[in-house]
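Thank you all for coming. I would like to take you through one model this morning, beginning with a single residue and ending with the place where two chains touch.

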Amino acid sequence: MIVDHLKSLYGYRELIWQLAWSEFKLRYKNSVLGYFWSLLEPLLMLTVLYVVFSNLMRVQVEYFQLFLLLGIILWNFVTRATTIGTIAIIGKADMIKKVYFPRDIFVISACLTALIMSFFEAIIFILFMLAYRVPISINLLYAPILLIFLFVLSLGLSLILSALNVFFRDVQFIWQVILQAGFFVTPIIYTIDIFPADLQKIVLLNPVARMIISARDSIIYSLPVSTNDMAFMLATSFIFLVVGYIVFFRLEPKFGEEI
Amino acid sequence: MRVIEIEHMYKSFRIPHEKRNTLFESMTGVFKPPSYETFNALNDINFSVEEGEAIGIIGENGSGKSTLLKIIAHILNPTDGNVKINKKVTPFLELGVGFHPEMTAVENIKTYGTIMGMSKRNLKSRTDDILEFAGLEKFRDAKLKNFSSGMQVRLAFSTAIQTDPEILLMDEVLAVGDMEFQRKCLDVLNNYRKEGVTIVFVSHDLSSVRRFCDRTLLLHKGEQVAIGETGDVIDKYVYSGGEISPDVNEIEKDSSQTDDDSNESVRWGNKKVEITGVKFYDKFGNGSTRFNSFDSMKIRILYKSHQKILDPVFGIALYSENGEYLFGTNTELKKLFINYVEGEGYIDLDVDRIPMLMGKFLLTVAIHAHDQKPYDWHDKQYSFDVIPSGRDAGLFEIPCQWNYDNMVTRARD
């Protein structure tokens, strides 16, 4: 059954991409700078945060600009993927009522839209890496694996949220609050060391926190990712995906009527 | 090969009395049991469709046609029963699904085409054709929001017909649009039929169903009334009398009206003989007020005579809905001499073939004496509808045929 579904998703790959790409394009329609905004946006945000944190709070971290930027890019991805993902079903009501294709396509392409946006931000990041002459090592190879984990995790979350949101529109608002809180309990603008040791353990239960820390280690600081962390991230993202699909497929048959 | 198989399929909707759309409403409503009505949209539907067949679905509004189509399209799920679809379904339930006003014509073609299952390469090579067919070459990079609604429909339609469907689901929404557009739709449908595409066609337009569908399914309030040869099923629909047709009580209503109505302008005469009712019968002998054009019909005039009347004349006059006088005849003109009438009785007028093509028609019925003095005259008090069964246009059919003689067009020596 899983294989069949994957096969049918593969058959719809052009549609998935088309939906994701047109969603991305729509964001910059009617703006003068167009796609350029997708580069400008992270740059401006970085400037603001950098000014605030390096001057006012005097954080002592090596490559702090890159540290911040990478954290923000990864967190932005989770935020966007789940935000677009939450309304992926209800926002496409006209399509869902008039044509059929596997409904998870909408959610997958929502996450893909977020990925496209993150891709442009990554270009900025790479430019910064080059500008600061950050040494790279073989440990960089962890990065793509970490990104896959992050994508899978976001997809699993989006599947749950989008399906629940069809029945309870509150979900989208509650999720925004959770994301806001998540931004502060995840080591994005600070290092995890600011917490006492036992609190650190709790913070590290958040898979996104672990992914951001590991990504920084492998990309910026040329450090390997511990097998423990890899196992934890693999397990959590897989669990989210499976739970996501179970919830989604349980609720899917009613989408057509409820929406 | 059977491409659609439906067995004992039921579909019911819950109609909540108050909709709980937020978590708060759900939580506060936990102790109140949710109140809802169950609406049975479809009951025990059984049929199958062979590959390459064109099947029509007819029935009045609310009979469950669109629900059935959506279940075949997999958009809704049946409450109970089996639905097996063995080929790819392309639904034309609405044109331009996924169109976005902020996107350009070309971008919308891309999105819509992909939704309809076309491959990227295919789309790329056909984009120009699509724009040309829609007559929108000049507007390829204009945003959809600047298009008139007609242009949008044309763009959607031109894109949709580029798909290669295996099973095509067509809803009556396509029937909106001008004559030219409808003709295009029917042409496309025809081409698909020739290519052997299986078609499920929902329509109110009985003449197009008659033309396109091998078999037809008749639904009435969610029940499957009949399935079979299109002609038979349409007859059943049109001539269902009191059971299925929506305007059932028209005869009774009209006749009772005239009974009570002593209004001089619609009824006059000395009432020595009274017309007590007029009934229309279809070719099966059932009472009806709807008839297919070219079918036979019988008009029965019931009378009650209060005394013995010698040599009465029964007559009818037929009017169009606008009141134009179309036809009139009476027993005298047809050389039927009735010696006398006494008590109750009836007289029948048999129409072998209804020559009217479509529309509503009004009937005047009268009994008068030989010297034109009316006993009872009901002016335009009865009506019936004619439903088209062919493609000729206008009010009446004139029996005719075209002859084309090659000799005539021979070039002059």
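Before anything else, a word on contact: two residues are in contact if their C-beta atoms, placed from the backbone, lie within 7 Å. What we are looking at is a predicted model, in which local features need pLDDT of at least 70 and side-chain atom pairs count only at pLDDT 80 or more, while totals for chains, interfaces and linings use all residues. Residues are numbered from 1 along each chain as its sequence is written, and chains are lettered from A and ligands numbered from 1 in the order in which they are written.

With that in hand, which residues is B:His368 in contact with, once its neighbours within four places in sequence are left aside? They are B:Val313, B:Gly315, B:Lys373, B:Pro374 and B:Tyr375. B:His368 belongs to strand E17 of chain B, residues 359-368, where helices (H or I, at least four residues) and strands (E, at least two) are DSSP runs numbered from the N terminus. B:His368 counts as buried because it has 20 C-beta neighbours inside 10 Å; the cut-offs are 20 or more other C-beta atoms within 10 Å for buried, 12 or fewer for exposed, and partly exposed in between, again with C-beta atoms placed from the backbone.

Staying with chain B, strand E8 (residues 215-220) and strand E9 (residues 223-229) pair in the antiparallel sense over 6 bridges, pairing being called when DSSP finds at least two bridges between two strands. Within this arrangement B:Thr216 has B:Gly228 in E9(B) as its bridge partner, and in the hairpin, with 2 residues between the strands, B:Lys221 takes a positive phi near 50 degrees.

Turning to chain A, we find 12 helices and 0 strands, and 37% of its 259 residues count as buried. Helix H6 of chain A, residues 104-131, has 28 residues and reaches 40 Å from its first C-alpha to its last, close to the 40 Å expected at 1.5 Å a residue, the expected span being 1.5 Å times one less than the number of residues. After H6(A) comes A:Arg133, whose phi is positive, near 50 degrees.

Finally, how do the two chains meet? Here 26 residues of chain B are in contact with 18 residues of chain A. On the side of chain B that touches chain A, helix H1 (23-28) and helix H3 (105-115) of chain B each supply at least two residues, and H3(B) gives the most, with 5 residues.
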